[in-house]
Amino acid sequence: MIVEDLRRAEAKDGTSWREADEPSYVRARDIASILASARTQIIEVVAKAYDAFYHQEAINPDTYSLRFPQKSNSRINALPAYIGRDVDLAGLKWVASFPDNVARNRQRASALIVVNSFETGYPLAVLDGTLISSARTAASAALAARCLVPGRETDAFTLYGAGVINRDLLAYLQADGWRFDHVTICDPVSASAEAFTQHCAARGLSAHVGDTSRRCDSGLISFATSALAPWYDHPFQADQTVLHMSLRDIVPERLKAPVFNVVDDVSHALKANTSLHLLQQRQGRVENVANYAAIAPGAPRPEGPVVVSAFGMGILDLAVAHVVLNAAQERGLLRRIDGLLPEFSRW
């Protein structure tokens, strides 16, 4: 019966998803198609979302985390947000991280996004958030790399973690015009690392499996692992750009000056036992840290190695969800969830 209702409720009437009486949804395969065709647009959307936040036109409360004493490596996070300007939406991402899934060959993370009207508060859409979350994370890192590396070119690119996030980052960098002479994949699971090298070969890149224990000398480095505690204990060179997407890989002392740390929001980055948070706990404060505004286009690159540790903000998920919903509307891919909500009228 539910399946029949969903099929019958396909949004064929042309009504905007903002104005429909019932919430919309977009199938995951259609979200994937939209995201794959809009990578450079999404990088720009992420940049605009940051700008809105830095100009007090977006609200991004703390992330709320549900943790389990009997499953200490797992959590489910709630990321509420509001973003104004041309988006003008509120919403929530409910995202689970269960690292034990990887051993079952299942994705570590899963998520849903609820999009709410800022006018009425009613839910306008429900979307799978796994693809959107990965896209906004990769786009955020690609934006930082674009701002920090003139010419979007590096002789060597090393990725720690052979999972979805790094695969998405590679796709976003290539879409943004990056050129790599060589790619190195480092992952404790050799089969995953080898599969990633084959993925690189299919994209026309020369790649090999690297050693996670050795110091990395690549000009561009990405960390996207499921590590719960810092392990990378090597100094960074002055010309290196490090995209620390997983937040907990780098030993805190390696983030001291002369390293310059870039975050999306300082109050977000210095919590939840991230590497920067641990550094703050050990020395009382972190002096060499600033948000993305410090690396905006036209700003000089900070001196020394730069490590970008973007905690992840709900406003980014909401901004990318806005792109997905508009594109789905244009392509006729929206569907209504008929009967989900009660009557709107009070009488």
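Pro258 sits in the loop between β12 (241-244) and β13 (260-263), where helices (H or I, at least four residues) and strands (E, at least two) are DSSP runs, numbered from the N terminus. A cis peptide bond links Pro258 to Ala257, with omega at about 20°. This is a predicted model, in which local features need pLDDT of at least 70 and side-chain atom pairs count only at pLDDT 80 or more, while totals for chains, interfaces and linings use all residues. Residues are numbered from 1 along each chain as its sequence is written, and side-chain values use heavy atoms, with hydrogens and water left out.

The loop between β12 and β13 also holds Leu247. Leu247 is not a glycine, yet its phi is positive, near 75°. Is Leu247 buried or exposed? With a relative accessibility of 8%, Leu247 counts as buried; here buried means under 20% relative accessible area, exposed over 50%, and partly exposed in between (1.4 Å probe, protein chains only). Arg152 is another non-glycine residue with a positive phi, in this case about 50°. Arg152 belongs to the loop between α4 (130-148) and β8 (153-160), and it is partly exposed, at 28% relative accessibility.

Next come the nonpolar cores. A nonpolar core is a set of buried Ala, Val, Leu, Ile, Met, Phe, Trp, Tyr and Cys residues joined through side-chain atoms within 4.5 Å. In soluble globular proteins, nonpolar side chains tend to be buried together. The largest core here has 75 residues, and the members that touch the most others are Tyr50, Val115, Leu169, Leu173, Phe180 and Tyr292. Which helix gives the most to this core? That is helix α9 (residues 314-331), which supplies 11 residues. A second, separate core has 19 residues, among them Cys186, Phe223, Val259 and Val263. As for Leu173, setting aside neighbours within four places in sequence, its contacts are Ala142, Ala145, Phe157, Trp178, Phe180 and Leu220, contact meaning heavy atoms within 4.5 Å.

How do the helices pack? Two packed helices are described by the angle between their axes and the distance between the axes. Axes are lines fitted to C-alpha atoms, for helices over the stretch in contact, and angles run from 0 to 180 degrees between N-to-C directions. Helix α2 (residues 28-36) and α9 cross at roughly 105°, and their axes come within 10 Å. The two are therefore roughly perpendicular to each other; angles under 35 degrees count as roughly parallel, over 145 as roughly antiparallel, 65 to 115 as roughly perpendicular and the rest as oblique. On the α2 side the contact is made by Ile31, Ser33, Ile34 and Leu35, and on the α9 side by Val320, Val324, Ala327, Ala328 and Arg331.

Helix α5 (residues 164-175) and helix α6 (residues 190-202) pack at about 15°, with 12 Å between their axes, so α5 and α6 are roughly parallel to each other. Asn166, Arg167 and Leu170 of α5 meet Phe196, His199 and Cys200 of α6. The crossing of this pair is right-handed (left-handed if the near helix is turned anticlockwise from the far one by less than a right angle, and right-handed if clockwise).

On to the cysteines. How many disulfides does the structure hold? There are 0, a disulfide being a pair of cysteine sulfur atoms within 2.5 Å. Cys186 is in no disulfide, and the nearest cysteine sulfur, that of Cys216, lies 6.8 Å away. Cys186 is buried, at 3% relative accessibility, whereas Cys147 is partly exposed, at 22%.

Ala81, in strand β4 (residues 71-83), is buried at 10% relative accessibility. Beyond its neighbours within four places in sequence, Ala81 contacts Ile59, Asn60, Pro61, Leu89, Ala90, Gly91, Gly314, Ile315 and Leu318. Val209, in strand β10 (residues 207-209), is partly exposed at 34%. Val209 and Val183 are 26 residues apart in sequence, with 8.8 Å between their C-alpha atoms. With neighbours within four places in sequence left aside, Val209 touches Thr184, Ile185, Ala193, Glu194 and Thr197. Arg285, found in the loop between α8 (275-283) and β14 (289-291), is exposed, with a relative accessible area of 53%. Leaving out neighbours within four places in sequence, Arg285 is in contact with Leu279 and Gln280.
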